[in-house]
Amino acid sequence: MHGRRRQQEREPTQDELQQAKQRVDRYRALNSHVMDLKATSVFTNDALDATKRLLEQNTELHTVWNYRRTIFTSLDEWQCQDTRQEMLDGELKFLLGIITKNIKSYWMWNHRMWALSSLPRPEWQRELGLVAKLLALDARNYHGWDYRRFVVAQLKDAATDKHEVDTQEFAFTTEQINHDCANHSAWHNRSKLLPEILAQRDEDGQLEVLQTENDLILNAIYTDPDDQNAWLYYDWLLDIQKSDEDRCRLLRNKIAAIRELLELEEDSKRPLVELVSAYAELERLQSGSVSEPEKKECLETLRRLESIDPYRVGRYTDMSRTLSKQWALGA
């Protein structure tokens with residue numbers, strides 16, 4: 001892991017090697033037993049227990065997860081709503097116990113979705129609180145964020161005030177980004193929510209929301225100028241503007257912010273690249289909107305980048321040549 005000193009590994013003792021071999025032998029025997037049960041279509045509580053013991057050791061066995069679901073739905077008890085509720089409540093507790101062992105398991109999250117969806121009386125609000133705690137353990141885990149979107153969608157379907165669900169989830173992404181502006185999953189989730197938030201506002205309200213977004217992005221950029229997440233979100237924000245006039249206004253805000261940032265971080269590579277891109281896009285959208293001094297500033301910025309980032313000299317030289325030709329300037 002980053003920031004941790006690597007510890008020197010020692011040779012295992014004979015006893016440790018023997019114990020490891022015994023664990024592997026037991027695992028293989030259990031795996032073979034479960035596969036035999038599946039092959040012979042055994043759908044009993046004993047088979048359910050065997051799959052549980054196997055999945056506790058290895059959550060990546062998607063075939064076993066599928067088999068486990070088939071066992072559940074084949075049991076006579078499944079037909080009773082109260083019994084099914086009790087069985088699946090127990091399944092959720094089982095899943096919670098193994099999530100922390102491998103929080104990035106596709107199959108485990110998929111199985112949890114199935115269990116919640118199959119519950120006669122699911123408690124989606126409680127599940128939302130649970131996934132918030134899980135994300136506190138690994139805030140950037142995209143499996144957890146994907147699952148959170150699933151839970152929120154269920155809450156929204158059942159809610160009388162659907163806008164309130166969006167608003168609360170939007171606030172959650174704000175909290176996560178303020179805690180860690182490099183949380184790509186939080187930015188992505190925000191991009192899914194923003195169109196819904198804007199649709200709830202009138203024109204003045206939309207402008208207010210967009211200004212808040214601009215401030216959030218700038219705060220992230222000032223915190224870590226070279227992190228890509230806020231810049232990518234800025235580009236996405238440009239794409240969803242209603243008109244080129246709105247895009248040009250946002251680009252001017254972006255340029256002003258970058259210039260201010262470069263007064264503090266004059267050799268920060270990503271802001272310099274973004275400055276050139278912003279000017280080029282501005283001129284493309286509105287010919288003549290970039291002044292001659294600004295165009296020369298772009299070419300000077302590209303020359304600075306050649307010295308700051310020598311590994312990409314060819315890229316910057318090509319950009320300089322292209323812009324000089326488009327703008328009829330001497331490189």
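Start with the largest cavity, which holds about 30 Å³ of space. A cavity here is a set of points on a 1 Å grid over the protein atoms alone where a 1.4 Å probe fits but cannot get out; grid points are joined across faces, edges and corners, and the volume is the space filled by probe spheres set on the points. The structure holds 1 cavity of 30 Å³ or more. Before you go on: this is a predicted model, in which local features need pLDDT of at least 70 and side-chain atom pairs count only at pLDDT 80 or more, while totals for chains, interfaces and linings use all residues. Residues are numbered from 1 along each chain as its sequence is written, and side-chain values use heavy atoms, with hydrogens and water left out.

Now select the cavity's lining (residues with an atom within 4 Å of a point): Leu218, Ile221, Tyr222, Trp231, Tyr234, Lys254, Ala257, Ile258 and Leu261. Helix 10 (203-223), helix 11 (228-239) and helix 12 (244-262) each give at least two of the lining residues; helices are DSSP runs (H or I, at least four residues), numbered from the N terminus. Helix 12 has the largest share, with 4 residues. Colour the lining by class and you get 8 nonpolar, no polar and 1 charged residues. In this scheme Ala, Val, Leu, Ile, Met, Phe, Trp, Tyr, Cys and Pro are nonpolar, Asp, Glu, Lys and Arg are charged, and the others, Gly among them, are polar.

Next stop, the largest pocket, with a volume of about 200 Å³. A pocket is an open set of points with protein on both sides within 12 Å along at least five of seven lines. To see its lining, select Leu198, Glu203, Gln206, Leu207, Leu210, Ile240, Gln241, Lys242, Asp246 and Arg249. Helix 10 and helix 12 are the elements that give two or more residues to this lining, and the largest share, 4 residues, comes from helix 10. By class, the pocket lining divides into 4 nonpolar, 2 polar and 4 charged residues.

Keep Asp246 and Arg249 on screen. They form a salt bridge, with the closest N and O atoms 2.9 Å apart; the term means a side-chain nitrogen of Lys or Arg within 4 Å of a carboxyl oxygen of Asp or Glu. The two residues are 3 apart in helix 12, so about one helical turn separates them. Asp246 is buried at 18% relative accessibility, whereas Arg249 is partly exposed at 38%. (Buried is under 20% relative accessible area, exposed over 50%, partly exposed in between, with a 1.4 Å probe and protein chains only.)

Which residue pairs with arginine 259 in a salt bridge? Select glutamate 297: the closest N and O atoms are 2.6 Å apart. Arginine 259 is in helix 12 and glutamate 297 in helix 14 (residues 292-308), so the pair ties together parts 38 residues apart in sequence. Arginine 259 is partly exposed at 35%, and glutamate 297 is partly exposed at 23%. A search of the whole structure finds 27 salt bridges.

Finally, select Glu123 and Arg126. Their salt bridge has its closest N and O atoms 3.9 Å apart, and Glu123 is partly exposed at 43% relative accessibility.
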